[in-house]
Amino acid sequence: QVQLVESGGGLVQPGGSLRLSCLVSGRIFGSAVMAWYRQAPGKERELVADLSSGGSTNYADSVKGRFTISRDNAENTVYLQMNSLKPDDTAVYYCNSRLTTRVATYNYWGRGTQVTVSS
């Protein structure tokens with residue numbers, strides 16, 4: 001069974017930094033695309049960043065240059081380093097793992113961690 005558990009959220013002042021972690025259990029980590037999404041109140045869930053098993057990254061325009069996604073395959077963990085945080089970054093952040101096989105695509109989600117940027 002695949003499980004994703006996020007940690008590292010909290011309250012931070014504008015301009016501050018946080019690092020989110022997502023621990024993945026199950027035998028998919030090395031083959032899956034790992035991603036972070038976020039959902040602010042009243043808004044749809046949006047992709048923040050993703051990272052392929054080969055190391056390719058993709059970022060939302062709103063976070064380029066401020067956020068960095070990375071993975072530690074030995075620890076089955078994906079990280080999201082968030083710098084220069086803005087109030088607009090306030091949201092619940094979700095870890096996602098997407099595994100594509102010849103017959104199906106499997107999506108797994110964590111429960112989310114709250115990030116609040118406020119003075």
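The following questions and answers concern a predicted model.

Biologist: Is valine 5 buried or exposed?

Modeller: Valine 5 belongs to strand S1, which covers residues 3-7. Exposed residues have a relative accessible area over 50%. Because its relative accessibility is 51%, valine 5 counts as exposed.

Biologist: Which residues does valine 5 touch, not counting residues up to four places away in sequence?

Modeller: Contact here requires heavy atoms within 4.5 Å. Once residues up to four places away in sequence are set aside, the residues that valine 5 touches are Ser21, Cys22 and Leu23.

Biologist: How far apart in space are valine 5 and glycine 110, C-alpha to C-alpha?

Modeller: Along the sequence, valine 5 and glycine 110 are 105 residues apart. In space, the C-alpha to C-alpha distance between valine 5 and glycine 110 is 5.4 Å.

Biologist: Is serine 21 buried or exposed?

Modeller: Serine 21 lies in strand S3, residues 18-25. With neighbours within four places left aside, serine 21 is in contact with several residues, among them Val5, Trp36 and Tyr79. A residue is called buried under 20% relative accessible area. Serine 21 has a relative accessibility of 16%, and therefore it counts as buried.

Biologist: Where is isoleucine 69 found, and what is its relative accessibility?

Modeller: Isoleucine 69 is found in strand S7. Leaving aside neighbours within four places in sequence, its contacts include Met34, Trp36, Leu51, Tyr59 and Leu80. Isoleucine 69 counts as buried because its relative accessibility is 5%.

Biologist: Is glutamine 1 buried or exposed?

Modeller: Glutamine 1 is placed in the segment before S1. Apart from neighbours within four places in sequence, glutamine 1 is in contact with Ser25 and Gly26. The relative accessible area of glutamine 1 is 83%, so this residue is exposed.

Biologist: Over which rings does arginine 45 lie?

Modeller: Arginine 45 lies over the face of tyrosine 94, at 3.8 Å from the ring centre. The charged end of arginine 45 also sits over another ring, 4.7 Å from its centre. The rings are therefore, by the 6 Å limit on the distance from CZ of Arg to the ring centre, those of tyrosine 94 and tryptophan 109.

Biologist: How many charged residues are in the lining of the largest pocket?

Modeller: The largest pocket holds about 210 Å³ of space. It is lined by 14 residues, of which the closest to its centre are Arg38, Ala40, Lys43, Glu46 and Asp88. Asp, Glu, Lys and Arg count as charged. By class, the lining has three nonpolar and three polar residues, and the number of charged residues is eight.

Definitions and conventions:
Residues are numbered from 1 along each chain as its sequence is written. This is a predicted model: local features need pLDDT of at least 70, side-chain atom pairs count only at pLDDT 80 or more; totals for chains, interfaces and linings use all residues. Side-chain values use heavy atoms; hydrogens and water are left out. Helices (H or I, at least four residues) and strands (E, at least two) are DSSP runs, numbered from the N terminus. Buried means under 20% relative accessible area, exposed over 50%, partly exposed in between (1.4 Å probe, protein chains only). On a 1 Å grid over the protein atoms alone, a cavity is a set of points where a 1.4 Å probe fits but cannot get out, and a pocket is an open set with protein on both sides within 12 Å along at least five of seven lines; lining residues have an atom within 4 Å of a point. Grid points are joined across faces, edges and corners, and a volume is the space filled by probe spheres set on the points. A charge sits over a ring if NZ of Lys or CZ of Arg is within 6 Å of the ring centre and within 35 degrees of the ring normal.
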